[in-house]
Amino acid sequence: MNAVANAVRTIVTAIANPSDYQYALFDWVVNGTGNVIVEAVAGSGKTTTGVEMTRLCRGSVIYLAFNKPIATELQTRGVNGKTFHSMCYGPVTSFKRTKQVDSGKLNTLMREHFPENVRRVYGTFMTRMVGLARQAGIGAGLAPNTTEEWLAIADHHDLEPDSDKGTMEEGVTYAMELLALSNSSNLIDFDDLLYLAVKEGLSLPKYDWVFVDEAQDTNAIQRALLRKILKPTSRMVCVGDPAQAIYGFRGADSDSMALLAEEFGCVKMPLTVTYRCPKSVVEFARNWVEHIEAAPNASDGLVNEFPKWNTKSFVDGDLIVCRTTKPLVSLAYRLIRSQVPAHVMGREIGQGLRKLVEKMNAKGLDALVAKLEDHTRREVEKAVAKGDDAKAEAIRDKTECVLCIADGLPETDRSVPALLRAIDSLFTDSDAGVKLATIHKAKGLEADRVYWLNSSKCPAQWARQDWQKQQEANLCYVAATRAKRELVLIEEDDER
């Protein structure tokens, strides 16, 4: 350890007093062999630790990040940070002889090749299934392109045709046809950037060291890409937290870290000290993750329950998290009416609400409300009849968000255009004021004081499959561990 300590003192500059866990990782880089899974709890300084590990590496290094902001942060710290998509962008666009990535590719292909009645019954189902099939590597040599395999994906993700007039077998047949059309098309979308790099055997640069951030959120096609950039002598560092795996609905494998460990022969090493959370929050978080530890110099902090509150409780810099969106929208309007600057994180959430409003094609606000309520009743009944409580919850939540925003419009301008402007204004990713976020959106965020709204309703009761139950429990852990000083548990009330 002395040789490593000397190396750390010489090279590692960002960590004043490395923990024993961090020293062990630095020692592994200098003296170890093979690949490693770093199981890092929330707030454990995994990015800083990973960056300092790269300074001990000899040879070429790539650090694959979950999203562009993390990749950019890595670059500012002198590391070759990329997303999986940016790594594959050049080879795939050159192969397809285009620089344009078209996120609406599948919808374009459906309009061109499928009649309107098929799109109405299967459109959303088809696009969702094709996305998941590509992430699983169907057609790229990673999984068989069989009806049974497609049905297994649909079952795993609780997917059903858009209408009760459809059948699973027919929907899968159409989805398989859409994938074939996608593969032969000159258009590319974001899924294609990863999928085609594997399917077409495109050449990618190889590295001596490969670091993978948020390894708990990887999928089959990403693991195949890792194989493509590793040399026989390369070493790999996969950093993640199984208890923060919350993106299974997007196609991430719920057991991705175990799959990485098995496929690449990784040893496992812990990073279990959180430098974010105070002792009381750590103790609370142990309801879901028993091995999380508070830092030696951590403050006591606070975990409080506020069954009743008012808008004066919230100040600039507070973070409010919730399992669903509608309670956040309602609270955001209460704050704004009380002259407290606030916004809901997630521009893409606002875009989804915008599309729902535009889909109703209503000429006035009253007509929109009537159409929305009728649409919601029908769609919820279909979802409940199929046992898809998750979809029913999502449908209700989306509609209630729109209705809540409509209620907040001024009497002088109660129109559909005004509603769309209000949606655009409310949903932003700014750092100013009080931030409200779904727990999914809050992953990666932190604040001195965090309010967990409707904590009693998390985990969701509709989760039936084991992976869904685990990810719902993980959401609780993520919500709790955003707090740097104080965690406040509050429940929605009826005050307006």
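View 1. Arg 97 has a relative accessible area of 79%, so it counts as exposed (over 50%; buried is under 20%, and partly exposed lies in between, using a 1.4 Å probe and protein chains only). This is a predicted model, where local features need pLDDT of at least 70, side-chain atom pairs count only at pLDDT 80 or more, and totals for chains, interfaces and linings use all residues. Residues are numbered from 1 along each chain as its sequence is written, and side-chain values use heavy atoms, with hydrogens and water left out. You'll find Arg 97 in the loop between H5 and helix H6 (105-113); helices (H or I, at least four residues) and strands (E, at least two) are DSSP runs, numbered from the N terminus. Arg 97 is not a glycine, yet its phi is positive, at about 55 degrees. Most residues other than glycine have a negative phi.

**View 2. Gln 339, another positive phi.** Here phi is near 65 degrees, and Gln 339 is again a residue other than glycine. Gln 339 sits in the loop between H14 and strand S11 (342-344). Is Gln 339 buried or exposed? Gln 339 counts as exposed, at 69% relative accessibility.

**View 3. H5 meets H10.** The axes of helix H5 (residues 84-96) and helix H10 (residues 190-199) come within 8 Å and cross at roughly 80 degrees. Axes are lines fitted to C-alpha atoms, for helices over the stretch in contact, and angles run from 0 to 180 degrees between N-to-C directions. H5 and H10 are therefore roughly perpendicular to each other (65 to 115 degrees; under 35 is roughly parallel, over 145 roughly antiparallel, and the rest oblique). On the H5 side, the contact (heavy atoms within 4.5 Å) includes Phe 84, His 85 and Tyr 89; on the H10 side, Phe 190, Asp 192 and Leu 193 are among the residues involved. By class, the contact has nine nonpolar, one polar and two charged residues; Ala, Val, Leu, Ile, Met, Phe, Trp, Tyr, Cys and Pro count as nonpolar, Asp, Glu, Lys and Arg as charged, and the others, Gly among them, as polar.

View 4. Helix H17 (residues 389-407) has 19 residues and reaches 27 Å from first C-alpha to last, close to the 27 Å expected at 1.5 Å a residue (1.5 Å times one less than the number of residues). Its buried residues include Ile 395, Asp 397, Thr 399 and Val 402. Which helices do the buried residues of H17 pack against? They pack against H14 (326-337), H15 (347-360), H16 (365-385) and H18 (416-426).

**View 5. H16 alongside H17.** The axes of H16 and H17 come within 9 Å and cross at roughly 170 degrees, so H16 and H17 are roughly antiparallel to each other. Among the contact residues are Leu 365, Val 369 and Glu 373 of H16, with Lys 391, Ile 395 and Arg 396 of H17. The contact divides into eleven nonpolar, two polar and four charged residues.

**View 6. H15 alongside H18.** The axes of H15 and H18 come within 9 Å and cross at roughly 165 degrees, which makes H15 roughly antiparallel to H18. Contact residues include Gly 350, Leu 353 and Arg 354 of H15, and Val 416, Leu 419 and Asp 424 of H18. Six of the contact residues are nonpolar, one is polar and three are charged.
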